[in-house]
Amino acid sequence: MSKPLFSRAGLAGLLALSLVLTGLGPALARGDDAPAGSAGAPAASEPAAFEKTEVVYANLSAEGAPEGVYVVNRFDVSAAGLVTDWGAYDERASLTGQALRPATNGADAADGIEASVGEGVFSYQGTAPAAATLPWDVAVSYRLNGQKMTPEQIAGKSGDAEVRLTVTRNPDADPAFAESYMVQATFTLDGEAWTDVRAGGAVVAMAGADKTVAFTLLPGRDGDFTFTGHVEDFALAGAQLAALPYATVVEMPDASDLEGQMGQLADAISALDEGTASLALGAGSLAEGGASLRDGARALSEGLDALAASSGSLTSASAQVAGALDALSAGLAGADFSGVEELGQLAPALRSLAGGLDDLGAQSAAVRDGFGSALAALDGALAAIPEGTLTPEQIGSLMAAAQKSGNPADAATAAELARTYEAAQRARGTYQAVKGAFDGTRQLLAVLGGDAATKGSPAFFAASLRAVAAGLEEADPAAALGQLAELSAGLSQLAAQYRSFDQGLSAYADGAGQAAAGARALVGGADALAGGIGQLASGAGSLSAGAGQLAGETADLPARMRASMDELMADYEFPAFEPASFVDARNQSVAAVQFVMAIAPVEPESEPEPEPEPEPEPTILDRLVALFS
């Protein structure tokens, strides 16, 4: 629905003014009682200070032809003195009691009057010549049941009626009025006689028992208006046309507030664009971190699987070494080394046992290196996930903004972002919680794969056995037999220490199997996480691109809105009227000029009253009766 061209208050004021002025005009034209004024003002030679208002009343025939033009000249006097006014009137009459004198200070004094007035209101009426030129030409035509009729022909008839009003600019009049004034034409219809009233582009309303049909003509335009209806006993109470400066009736809307709000909207969209760009950048970094996490988890899983697979051979070899040390220790404790030959066999057995420990240490070192690489990759991948600083409120605001974007894909992307962000933070937190266990495994493998200087390592025990073997080989056999008890005690202690190591290695093997199973689960989660982050990064990129396009298209939104409004309102912007006299250009201090034109009513001719029948001539009998009665 289009917005009204002027406010209800402006329209009501215009109608009220037109009716008041229209009612006053005929009374003035007929010479009814004039309003009281400041009569008896002293004569003065100094010009008075005043503002003048001209109200032009025109009586039109039922077909719109001018029949009489009257001008009420009102002066609101603020300083007493002499008022001089000009106008080629056929007649003049003071309406406030002051005496009107012919003007004495002009070349065409016959066209002017002067009056000495005091402060207050002074007004007089002038009757314009019959040939006075109005700014508009008015024509009214009538049809009944499709047949064109004159007002006299249609009056009192019934049927489907059509009334057409045309208002055109008079080319012979000063164009300033028609170019700046708005005309309101109002017809008044009997609400019972007229039914099914239709009028395109007009306002049809009830006014008590009557119907009113109001047409509006904008400045600088010609109007062609029609209303139809079914009528019984055609009659019109006439019509009133009121013309006022457009600027005094219609106030053009001020778009500055709306323009400011559009500016705020553009700023908000720009901020959204910046936010989504940061989101896309962060999502891209998160996607890279997710891929690194996935690769690290896979490497860790592969390393732990290999570790778990080799744990069986490690524990088997360690058990054999432990068994050999136990057997050797027990054999030394109960052996009979009365002969040198038996003692000479002990050193090679110790060196063979040391070789087995070397193999165990080498395998442990390989596992240590593989596990270290996998753990470093996993630690780096998880460290790449930024520490979570977003609050639930911030995430909620982002999702709300995505919902308001109008694009369902934006909302889905924001939801995926929230889920992926939470999953990444959970993975990071879980790793931090179990990182100590991974560090313990790394330390154990460091011992298992350590060199001879690492206490408790297979290499350390191998070095100890070789030292014992070397001592046996280098010592005097007699002295070696004397040290046999000391050697037996040392081997017993070594066997006990290695047994503890072997038990720890078995526990490690069990933990390696569990860690491998956990790593495989981590790989599955990391794959899903990386996939989700990838989708998130893609969606965030699309969101950022869309927000960037929206920001680009709305950056000049206030200016485009202003241009559009200016274009729309251009049809309703008219030249401002500089008040000037309609009657005579010599008249000064004119504040306002108004026009009220009254179209004569259409009424059926009243039937003449029947003439009384003449009384019959009295007969002779009647006269005799009257004589004696």
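The bridge partner of Leu-144 is Gln-147, in strand 9.

This is a predicted model, in which local features need pLDDT of at least 70, side-chain atom pairs count only at pLDDT 80 or more, and totals for chains, interfaces and linings use all residues. Residues are numbered from 1 along each chain as its sequence is written, and side-chain values use heavy atoms, with hydrogens and water left out.

Both strands belong to an open sheet of 5 strands with antiparallel pairing, in the order 9-8-10-15-12. The edge strands, each pairing on one side only, are strand 9 (147-149) and strand 12 (194-198).

Gly-361 lies in helix 7 (residues 346-383); helices (H or I, at least four residues) and strands (E, at least two) are DSSP runs, numbered from the N terminus. Gly-361 counts as buried because its relative accessible area is 9%, buried meaning under 20%, exposed over 50% and partly exposed in between, with a 1.4 Å probe and protein chains only. Beyond its neighbours within four places in sequence, Gly-361 is in contact (heavy atoms within 4.5 Å) with Leu-448, Gly-449 and Pro-458. The C-alpha atoms of Gly-361 and Ala-459, 98 residues apart along the chain, are separated by 6.0 Å.

The protein as a whole is described below.

| Item | Value |
|---|---|
| Helices in the protein | 14 helices |
| Strands in the protein | 17 strands |
| Buried share of the 629 residues in the protein | 39% |

Methods: Pairing = 2+ DSSP bridges.
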